[in-house]
Amino acid sequence: MRVEVPYGGPRLFLPIIWLILTFPRKGIRVKQVFSSISRDPILGLLLVLPLLLWVAATLLYPAANAVYISFSNVRYVGVPAEFVGFSNFERVFSEREFWNSVIRTVIWVVLNVVLQLVGSVGVALVLNQEYKGKEFVRNWVILPWVLPTIVLAIVWKWILDPTHGVANHLLMWLGIIERPIEFLSSTTWALPTVTLLNCWRWTPYFSIIVLAALQTVPRELHEAAAMDGASIWKRFTRVTLPSISPILKVIALNSFLWSANIFDTIWLLTRGGPLSHTTTLPIYIYSKAFRSFRFSEAAAASILMFLGLLFFVILYLGTLLKEEGAGR
Amino acid sequence: MKVMRAFFKYLSVAVVLIIFVGPMVWVGINSLKPTSELLGIPTFFPKRVTFEHYRHLFDRVAFLKYYCNSFLVGVVTATVTALAGAFAAYSVFRCKYPGRHFLFKFFISSYVFPKVLVLVPLYIMFSKIGIIDTPLALVAAHVMLIAPFSVWILRAFFQGVPVEIEEAALIDGASKVQTIFKIFIPLAAPGIAAIWINAFLMSWSEYLFASTLVVSDFTKTLPVGMAYFLQEYAIEWGVMMAGSVLIAIPPIIGFAFAGKYFVQGLTAGGVKE
């Protein structure tokens, strides 16, 4: 098919890029110090050029191309495609599976953000205590995030295996369940299980960031509150939470954007099954493209997903860059 | 009371460790058990230690080939990322020219950009120019995924290098390019090493783009190769677990060396000092 971007392609995309890059205006300036080399503009541009060209060729151009593909009927690579207007979008909209995966993505994202926030604060509070081996624990608790997703999939598929897995053996031995649970292949358990496993992976990562924030909370504040007879819970909600809430906001947005885009964890654990009960939008798009080979519909769905996330991307950038401005 | 408090403190730390580190340790132990033991009632320690699964991995599966492919893609991606990322970060954070703020925003934006959008176009584009199913295609995609984030991490490191040192080198008669390569880069080396390792590990783990851009047995990377065996009905658990241990080793070593720098970079980006 023809992959040249037609007249409309990049132009359709420009407003969106412009929007992202101009929206977070406040606090955007990064404080800089200059030496006399740095006042050489040509050298500066030469240095940034390689990465800029690379990203333009592999991200910007393909992104513009996605718009083109979604408005044409690409079936096979190499066969010329024609402009078909909005018909790919119409087809995607009329599919029940698309809407199901939209709803599932919303559930998935909300569950992930809430559990990861609560989990990371909880883990950070545990790690923030005074105990022996502090360095060791704080370094290695992040292990789930260090491991490749394929390792996560093998580890948990083994542990949760209905016949040989240790989880079912343990639960049955404790008398909690009578027969093994099919954690990853029953329609009731698959989505909660995959959600928990994704949280298992990201919670330590965020908890390290929360931990760093916790250490900036002045100790005197806690002591003063304790002197005034505030309970542990009161001290947590009145002293700790307000002082770490800016970082929690960044984490929530981060977790939101990452969860929405997660593909490999779900795919490697369940392939979107059973009966597409774990099919979120990235899985839907991937199977549309590389299982059914409907590239144009996949591109249309990915553009819809992008537009859905755009607001949050802008919000995230705004927050990130504002934090930046305030922090320096 | 005091004893109770200490007990609960260590109990909570132990629970956290068991939840997050336990599963990998469990798999590490299990990879040493013979198959008969794996399929029976689980015991913590193996009754008999065997390395047969590790041997089978190399005999029956093209594991070594996948390992080499992953390694190649990882090293090239990391090197390109470290070079291009360091240059770009120097330019954006240290140089003064119109549009540098725009470029900085551009890199940050491309880091949070939903990458699924470019999956299909990249696949079609690489098919068309004939580099699909080659390591080159995967390197191209991985650098795009990782490098913008590296620019962001380098910011904290580059701010730690005083400008006065550069000035001194210039006064001593070094050229601008010499100053960057001989004075600045060595001083920022820990940061550049950290992003090299990080890029290698991200490339090592990446699945989505790898599964579409490299598909034949000669070019598959580890995650793609192993994922294929994970979907079979009768999974050979021993072999899979041995494989997962070997895949996990480079990230664990890399993290042991560079983790501290990396976590510093992460937290410095988000937390106000």
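A: Chain B has a mean pLDDT of 84, with 95% of its residues at 70 or more; pLDDT is the predictor's confidence in each residue, from 0 to 100. Residues 269–273 of chain B fall below 50, and this stretch has 13 contacts in the model beyond near neighbours in sequence. Two residues are in contact if their C-beta atoms, placed from the backbone, lie within 7 Å. Where pLDDT is low, the predicted coordinates should not be read in detail. The model is predicted; local features need pLDDT of at least 70, side-chain atom pairs count only at 80 or more, and totals for chains, interfaces and linings use all residues. Residues are numbered from 1 along each chain as its sequence is written, and chains are lettered from A and ligands numbered from 1 in the order in which they are written. The scores are ipTM 0.87 and pTM 0.84.

Chain B contains 13 helices and zero strands; helices (H or I, at least four residues) and strands (E, at least two) are DSSP runs, numbered from the N terminus. Its C-alpha atoms fill a box of roughly 70 × 70 × 35 Å along the principal axes. Among contacts in chain B with a separation of 6 or more, 77% join residues 24 or more positions apart.

The contact between the chains takes 92 residues from chain B and 94 residues from chain A. On the chain A side, helix α2 (residues 41–70) gives the most, with 18 residues.
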